[in-house]
Amino acid sequence: MGKKLNYIDLFAGCGGLSLGFESVGFNLTFAVEKSSMAGETFYHNLIKQLLDENEWKEFLKLSDKEKLSKKLFIGETIALLKQPELLNSIKNKIGDLDLIVGGPPCQGFSLAGKRNPKDHRNELPWQYLEYVEIFQPKVVLMENVVGMRQKFNKYEEDAPFKQIKKYLETSNPKYIVQELQLNAIHYGVPQNRPRVMLLAVREDIAKKKNLYATNSIWFSEHYFKNKETSPLCPIPTKKENFFTVNDAISDLIGNDWNNSEYLTKLNKESNFYKIINNPSKKIENQIERNHNEKVTLRFSIYQYLQLNNIPSKIFNIVSKYNTSLDNNYLAEIEAYISTCTFPAKAPNGKIIAKNKKDFISIILELGTKKHSQRPLKIDAPSPTVVSIPDDVIHPIYPRTMTVREQARFQSFPDYFEFKSKETTGGIKRKTEVPQYTQVGNAVPPLMAREIAKHIYKLLS
């Protein structure tokens, strides 16, 4: 687009934000990521293609200074703050930094007590703010889940994002701060994913460019009804006809992806940063999950019920009755399925039950179990992609979703390859960041790209 603008990515994860920003003319100064598993994906896709596992192992052995020279620091954000000489050398080299981005976990964050980001408490937003204080970037972008706008009722304190906003507005230098709630579907992503963001512009830049913020939070979903906005608000690119699950994975169901406007945009027109050389054009991370016969049957039932607009609470009917004395549950189940035709077929064509009697028998057999899984709707956007997608069922096949399918909903291009192991369980979920978690934690790159284009224009 023109001049390269320098940015730092904190809490970088696998690189969703960076992928979007790199695509429009931002140049990564360095990224910080705690997890070596997510960091491997970031490095492989945004810095240097890893040809074998030993390359990454050798990278992890490098000194902190050497890692920074390769633009990726693996470790806690506070570990770098304790080495000011490294950060100051980078600051002196690049001069006036354009942007800091990132999404620090804000649970438990409070400004109560010391208003001092150099207070190295175990609160990651403070560490994020100290990077802002050190580099004094022209723009700050902070992202998090919508819950970060909720008050700490126990202490009657403002929500974390409100406190951070107040801090930036009164810091030295001061920032003009726009509070945003953006939904990814409004920026070309086939997923309902509301997120809050703070977009802050350094006061001297804001005055020079006549930039100002609205008095209250700005919602992307309200833009088309109420055009009240400020120059800091990234205008949605999609008002309606949102991309759907079918748009995202139609080729993986058997259709040609060249017929999908979304996949063409994602893989050909997005200008996403690409360093991976994959001559075979094999779609990576598309390993289908295997389930036993009983689980497969259960998933097929869920899909069939959804196709017939029957709520899954049909499974809970039996528990309301003492079945040894009262068979009224049969009449209630029959009422629910009165409009169904038999034989009952799953979306993939497999026969689940030949007649109503067989179908009721299956319902009764599954009636005492937990039923939290839901099939995706093929003609609607995906719900929010999460880090543990065990409750999400494919709309056609009786299985959970693959990493690649989840990545499609998040708007990662197919040449973006997720590294490290696919999934984890138990207590390891607290420390490990496998592929599914990397995908679920990421900012959708297409959404990041639209925000990046907006910020680039603000600074140009």
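Buried here means under 20% relative accessible area, exposed over 50% and partly exposed in between, computed with a 1.4 Å probe on protein chains only. Helices (H or I, at least four residues) and strands (E, at least two) are DSSP runs, numbered from the N terminus. This is a predicted model, where local features need pLDDT of at least 70 and side-chain atom pairs count only at pLDDT 80 or more, while totals for chains, interfaces and linings use all residues. Residues are numbered from 1 along each chain as its sequence is written, and side-chain values use heavy atoms, leaving out hydrogens and water.

Start by selecting helix 10, residues 245-253, where Val245, Ala248, Ile249, Ser250, Asp251 and Leu252 are buried. At the N-terminal end, look for the cap: a side-chain oxygen of Thr244 lies 3.3 Å from the backbone nitrogen of Asn246. Just after the helix, Gly254 has a positive phi of about 130°.

Next, jump to Thr214, in the loop between helix 9 (203-208) and strand 8 (218-219). Thr214 is buried, at 15% relative accessible area. Show its side chain together with that of Gln178: the two make a polar contact of 2.8 Å (a pair of N or O atoms within 3.5 Å; within protein, one must be able to donate a hydrogen and the other to accept it, and residues adjacent in sequence count only if both atoms are side-chain atoms). A polar atom of the Thr214 side chain also lies 2.6 Å from the backbone oxygen of Ser216.

Finish at helix 17, residues 445-459. Of its 15 residues, 13 are buried, so helix 17 is largely enclosed by the rest of the structure.

Key. Expected span 1.5 Å × (residues − 1).
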